[in-house]
Amino acid sequence: MPTKPVIMDPKHSVSQQPVACVSPQSDTMLKEAGLKNELPERNEPCGNTSEFPFNRLLRLTTEEMKFNMKVKSITPKPPRKPKLERTFSLDEKGWRRRRFRTSQESLTDPNETGSSSGSLQEVTTSPPTLTTLAHDGSHTPHNFSSLQSTSLQDIPEPGDIGNNTDPPSSLEIIPPTVTSGSLELLHGVTTSWNKLRLSKVLPPLALPPLELNVASETLRTTNKIDPDYINYKHNAQSKLLRPGSSLSDGRLQSCVVCDNCSTTSLKSAFSLLTPIYSKDVRNRSYMEGNFSASGALLGVDELTRYFPDGNLGLFVATWNMQGQKELPNNLDDFLLPSEADCVQDMYVLGVQEGCSDRREWEIRLQETLGPHYVMLYSAAHGVLYMSVFIRRDLIWFCSEVEYSTVTTRIVSQIKTKGSLGVSFTFFGTSFLFITSHFTSGDGKVSDRLLDYSKTIQALTLPKNVPDTNPYLSSSLDVTSRFDEVFWFGDFNFRLNGGRMAVESILKQNLEMNMSELLQHDQLIKEMKKGSIFKGFREADIHFFPSYKFDVGKDSYDSTSKQRTPSYTDRVVYKSRQIEDIYPIKYSSCPGIKTSDHRPVYGLFRVKVKPGRDNIPLAAGKFDRDLYLLGIRRRISKELQKQQPLKDQKSSMICTVS
């Protein structure tokens, strides 16, 4: 903090040829003060006017000086050469301030307050001289505009006064209007000087540009990272302080925030989570079921945090396992296809003729998806299985999960054919997932239509979870009671025309154009008639028929039955708002060869809307035991991969000849 200039009391000085220079403007001031008649006429100029910034100067005699101030000054001695002075410590600065305040009256107006930063400066047309303290304690007159130095002791040479063009480094001493009795020399001369003002504080270097876009409110989770966080670790690693240090808002932005980082992501003690304010927790309006209320669990704020564009990534798959006990060694190509750069938010898998060890199948799914996912729900109807996996940070926004089953066989105890439905509400959007296994046979189209009709009438969903739009619901069709419906499974619809016709089309097919082959598809024909899957749609098919293959091979049925290759495994979807579901990818997985069916999957973007907090929540419930088993399985397999490398290193023998 710059110190104030020192002005010695005139009664302590000794006069030897006292000289004072005043300007013509000061002459007018003297006349107004009644002192002009007592001063003699001006006979000679005061030195070379080129050395001073004044136009004209007058020399006052000793008697006239004594009349105004009975002071004896000492001829100033030349100061020592300027030198760099060490920075004052806080104690020294405080001592100097106390010393100056006790040795003289304050130079500032008692009614004026100012900041402690910056240097003192004043713009006047003819600034007067001021007596300052030199190194040896003597008084030295200087021009105010040229009193600029690195410290109070470093006073420039008299010859340099008025010619110094260097910018000010610490202080520019400009006296305010003084009415104190200790400064009688300037009494009557100083009339209209302005008060003390502070100059701007300019940084030594140009400040780095800051990104003004701080509107990012998303939670940076596994695969949803907004662009301003990409270089966060690289840019802020050297600037981050220890978490225990206390930072104000200003220090937080200056010490932590880098050019490419969002200040929103650093509000909550270096956490990437959006901060939760106490006033929002005190406000209990979020329990009233208003989806727009501040702090609502299923409301707009939470939905925007996780899904800024309001779209949920959904993976839906169906696979007829053919009852095989053997499971594929690796499910990565199935659940994590290379076409998708990021994993999806939700995985729903339906299995027909599932393996005998259902638990082992679920463990394999958990092991493949990894620790970022948990199994929200799992249901079974005979050999029909359905598993729902969701990202672990989204389980709080799901309602209770409900399921219902339908048997389409005449003998209800045999549960190889039928349907299994699972439903729940995510935020404010209700979902229904149905996996089915319809009647098999090339010519049994009517039986499959009956299976469909029985399914939509017999599934009793929802049960306890309220309907999001009961005005559009129908008691005769379960699919009308939900916002988003996905129906997938082995529908057993075949390709007409026989084996030879289908194979000839497949052989001449180029670039996966299946339009000619799909003209013989039974399901597409029935959907166009409106006899099945009313209101449902299906994405374009650009893959080979998923049925029927030789197990472990890429060739179609080579047995004596010579079954016709067909698209029996399908995924169809329906929504109350036609644009809510957008298909991204619809394909099969040719790498899974443990069954005569190839798995078929679809990637979708589903529009999600906010909801009300008046539904029965699942409260974060998931299969904890399955989660731990899947993680242990991943760890054990990783250790098995590393073991051969360790054995190879330990078997190497180093010899010195």
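Rings of Phe, Tyr and Trp (its six-membered ring) pair if their centres lie within 6.5 Å; planes under 30 degrees apart count as stacked, over 60 as edge-to-face and the rest as tilted. With that in mind, select Phe 315, Trp 319, Phe 334, Tyr 347, Trp 361, Tyr 373 and Tyr 601, which form one aromatic cluster.

**Before going further**

You are looking at a predicted model, where local features need pLDDT of at least 70, side-chain atom pairs count only at pLDDT 80 or more, and totals for chains, interfaces and linings use all residues. Residues are numbered from 1 along each chain as its sequence is written, and side-chain values use heavy atoms, leaving out hydrogens and water.

Helices (H or I, at least four residues) and strands (E, at least two) are DSSP runs, numbered from the N terminus. Of the 657 residues in the protein chain, 44% are buried; buried means under 20% relative accessible area, exposed over 50%, and partly exposed in between (1.4 Å probe, protein chains only). Look at contacts too, meaning heavy atoms within 4.5 Å: among those in the protein chain between residues at least 6 apart in sequence, 71% join residues at least 24 apart.

**Stop 1: aromatic pairs**

The structure holds 30 aromatic pairs. Keep Phe 315 and Tyr 601 selected: this pair is stacked, at 5.6 Å centre to centre with 15° between the planes. Phe 315 belongs to strand S7 (residues 311–320) and Tyr 601 to strand S17 (residues 600–607), so the pair ties together parts that are 286 residues apart in sequence. Phe 315 counts as buried because its relative accessibility is 0%, and Tyr 601 counts as buried at 2%.

For another geometry, select Phe 622 and Tyr 627, an edge-to-face pair at 6.0 Å centre to centre and 80° between the planes. Here Phe 622 is partly exposed, at 31% relative accessibility, while Tyr 627 is buried at 17%.

**Stop 2: helix H9**

Now select residues 358–369, helix H9. Its 12 residues reach 17 Å from the first C-alpha to the last, close to the 16 Å expected at 1.5 Å a residue; the expected span is 1.5 Å times one less than the number of residues. In H9, 9 of the 12 residues are buried, so the helix is largely enclosed by the rest of the structure. Among the buried ones are Trp 361, Ile 363, Leu 365 and Leu 369, and Trp 361 is also one of the residues in the aromatic cluster. Just after H9, pick out Gly 370, which takes a positive phi of about 85°.

**Stop 3: an open sheet**

Next, show the open sheet of 5 strands, whose order is S11-S12-S13-S14-S15 with mixed pairing. Two strands pair if DSSP finds at least two bridges between them. At the edges are strand S11 (402–407) and strand S15 (569–575), each pairing on one side only. Neighbouring strands of this sheet are turned by 15° against each other on average, direction ignored.

Zoom in on strand S12 (residues 418–426) and strand S13 (residues 429–437), which run antiparallel and are joined by 9 bridges. Gly 418 has His 437 in S13 as its bridge partner. Helix H10 (residues 445–458) packs on the sheet, touching S11, S12, S13 and strand S14 (484–490), and its direction makes about 145° with that of S11. Axes here are lines fitted to C-alpha atoms, for helices over the stretch in contact, and angles run from 0 to 180 degrees between N-to-C directions.

Which way do the residues of S15 point? Asp 569, Val 571, Tyr 573 and Ser 575 point one way, Arg 570, Val 572 and Lys 574 the other way, and all are buried. With 7 of its 7 residues buried, S15 is therefore largely enclosed by the rest of the structure. S14 and S15 pair in the antiparallel sense over 7 bridges, and Val 485 has Lys 574 in S15 as its bridge partner.

**Stop 4: charges over rings**

Select Arg 448 and Phe 493: Arg 448 lies over the face of the ring, 5.0 Å from its centre. Then try Lys 463, whose charged end sits over the ring of Tyr 403, 6.0 Å from its centre. A charge sits over a ring if NZ of Lys or CZ of Arg is within 6 Å of the ring centre and within 35 degrees of the ring normal.

**Stop 5: Leu 303**

Finish at Leu 303 in helix H7 (residues 300–306), buried at 7% relative accessibility. Which residues does Leu 303 touch, not counting those up to four places away in sequence? They are Pro 308, Phe 427, Val 608, Lys 609 and Pro 610. Leu 303 and Lys 609 are 306 residues apart in sequence and 7.8 Å apart in space, C-alpha to C-alpha.
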